[in-house]
Amino acid sequence: MYEIAVIGYGGMGSYHTEQLLTLPEEFHLAGIYDINPARIEAARSKGIRGFDTLEELLAEPSVRTVIIAVPNNFHKELSIKALRAGKNVICEKPVMMCAAELEEVIAVSKEAGRQFTVHQNRRWDRDFLIVKKAIEDGTLGKPFYIESRVQGSKGIPGDWRCVKEAGGGMLLDWGVHLIDQIMWLVKSPVKEVYAHLLSVKFPEVDDNFKLLLRFENGLSALVEVDTYTFINLPRWHVSGDAGTLQIDSFGCEGKIVRAKTSEMHWEAGIVYTVAGPTRTMAPRPQETIEEIALPEVQTDARDYYRNFRDADLGKAELIVKPEEALRVMRVIDAVFESARTHTCISVDI
Ligand code: NAD
């Protein structure tokens, strides 16, 4: 049985334990440790083993892998301790606070001969996999612009996420997921990064940001996170040279609209429309377009753990690779630099 323990039994630590407990044939939840004794007791009250100290957990020989689910500024210290104790590490996102920290941790994992990766679980999200499939199937033709956003209106939950030193802010939160998804989708180096980070309600951290990425293959992407918006824009809007895809929300309502033919013969003169006299923005004739349903996809977020285990046992290739996490962290470093200097940053990532 593959033994996993969890460090940090808050929101995400609880999620990991619940997920693993649904797979009793495949994984054994060895227990948890949390710096807050009340959280250890909370685990024990559910029949989960609570380790009294970090050292006790790391000294447990049956534990092969630890998941680190603590606030962001403790990821580096705990990852290094666990790797040096001979454990594989799955670290929560953001994998580290910056690329330099991650380089250090990757070096330690190599020295220790242990696997290290980050929990980019949103690679298994249904909305994302629909976009990925539509692009890979060629349904949109050649994609040239991707918009990916998440929006809420409740601000940032009032905990360490509002504190800069703790790694708070939306770029290091949802931003990491959305950037990782785009970089996994677009197999081309990032060449330019331009970002606006706003602090609408939380002065210390970004609670709203807009980020433009330009890739070497010519594709551009807009990544957007808002915590104070009361009317949401679509979760995804993807433009290709043969059609457009829109997914409205995580519920995956949406559609694809395609041109039936690449030929374009339009009226010679001005067209009078609700937009006034315009040929460019006049609607296309209905017979030149077709609407098709979004592709079907099947997904199970628990495949993340299965893939990690299989990669550790030499039976599969690791899906979320440390070098991919490093590319994401380098983009994030460039985003902070762009926001600080109010400039577009040229990169080769
Ligand atoms: P949380 O505040 O709910 O829980 C954090 C827990 O860590 C608390 O119980 C706290 O007592 C404990 N803790 C703090 N410092 C510790 C230390 N040094 N050693 C041991 N325990 C310690 O936070 P959360 O929402 O669970 O977030 C934890 C991590 O998970 C963060 O890095 C966050 O970005 C990430 N996260 C990921 C996702 C995802 O979808 N992948 C979702 C939410 C959070």
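So, Asn 72: leaving aside residues up to four places away in sequence, Asn 72 touches Pro 94, Met 97, Ala 166, Gly 167 and Leu 172. Keep in mind that this is a predicted model. We'll get back to Val 150.

Let's go to the sheet that E3 belongs to. This is an open sheet of five strands, in the order E2-E1-E3-E4-E5, and the pairing is parallel. At the edges you find E2, residues 27-33, and E5, residues 116-118. Each of those has a single partner strand, so one side of each has no neighbour in the sheet. On average, neighbouring strands here are turned by 20° against each other, if you ignore direction.

Now some of the pairings. E3 and E4 are parallel and share four bridges, and in that pair Thr 65 stands opposite Asn 88 of E4. How does the chain get from E3 to E4? The chain goes through helix H4, residues 75-84, and this β-α-β crossover is right-handed.

Moving along, E4, residues 88-91, pairs with E5 in the parallel sense, over three bridges. Ile 90 has Thr 117 in E5 as its bridge partner, while Val 89 is partnered with Phe 116 of E5. The chain crosses from E4 to E5 by way of helix H5, residues 99-112, and that β-α-β crossover is right-handed.

Stay on E4 for a second, and look at where the side chains go. As a rule, side chains in a regular strand alternate between the two faces of the sheet. In E4, Asn 88 and Ile 90 point one way, Val 89 and Cys 91 point the other way, and all of them are buried.

So which helices lie against this sheet? One of them is H1, residues 11-21, which lies across E1, E2 and E3 and runs at about 160° to E2. Another helix to look at is H8, residues 303-312, with Tyr 304, Tyr 305, Phe 308 and Arg 309 as its buried residues. Why do we say they share a side of H8? They cover an arc of only 130° around the axis, and that puts them on the same side of the helix. What do they pack against? The buried residues of H8 pack against E1, H1, E2, E4 and E5. After H8 comes Gly 314, with a positive phi near 75°.

Okay, on to another stretch of the chain. In UniProt, an unreviewed entry places the feature "domain: GFO/IDH/MocA-like oxidoreductase" at residues 129-245. Over those residues the chain is 20% helix and 35% strand, and the end C-alpha atoms are 13 Å apart.

Helix H6, residues 126-136, has Asp 127, Phe 128, Ile 130, Val 131 and Ala 134 as its buried residues. They cover an arc of only 160° around the axis, so they are on the same side of H6. Their packing partners are helix H7 (171-185) and the strands E10 (236-240), E11 (243-247) and E12 (254-259). Just after H6 you'll spot Gly 138, with a positive phi of about 80°.

Last stop, strand E9, residues 220-226. E9 is mostly covered, with five of its seven residues buried. Which strands pair with E9? One is E6, residues 143-151, which runs parallel to E9 and is joined to it by seven bridges. Here's Val 150 again: Val 150 stands opposite Val 225 in E9. The other pairing to show you is with E8, residues 208-215, also through seven bridges, but antiparallel. There, Leu 213 has Ala 221 of E9 as its bridge partner. E8 and E9 form a hairpin with four residues between them, and in the turn Gly 218 has a positive phi of about 100°.

Conventions
Residues numbered from 1 in each chain as written. Predicted model: local features only at pLDDT ≥ 70, side-chain atom pairs only at ≥ 80, totals over all residues. UniProt positions renumbered as here; feature names shortened; annotations may be inferred. Helix = DSSP H or I, 4+ residues; strand = E, 2+ residues; numbered from the N terminus. Buried ≥ 20, exposed ≤ 12 C-beta atoms within 10 Å, placed from the backbone. Pairing = 2+ DSSP bridges. Axes fitted to C-alpha atoms, helices over the stretch in contact; angles between N-to-C directions. Contact = placed C-beta atoms within 7 Å. Right-handed = clockwise from strand over helix to strand, strands pointing away. Arc of directions from axis to C-beta.
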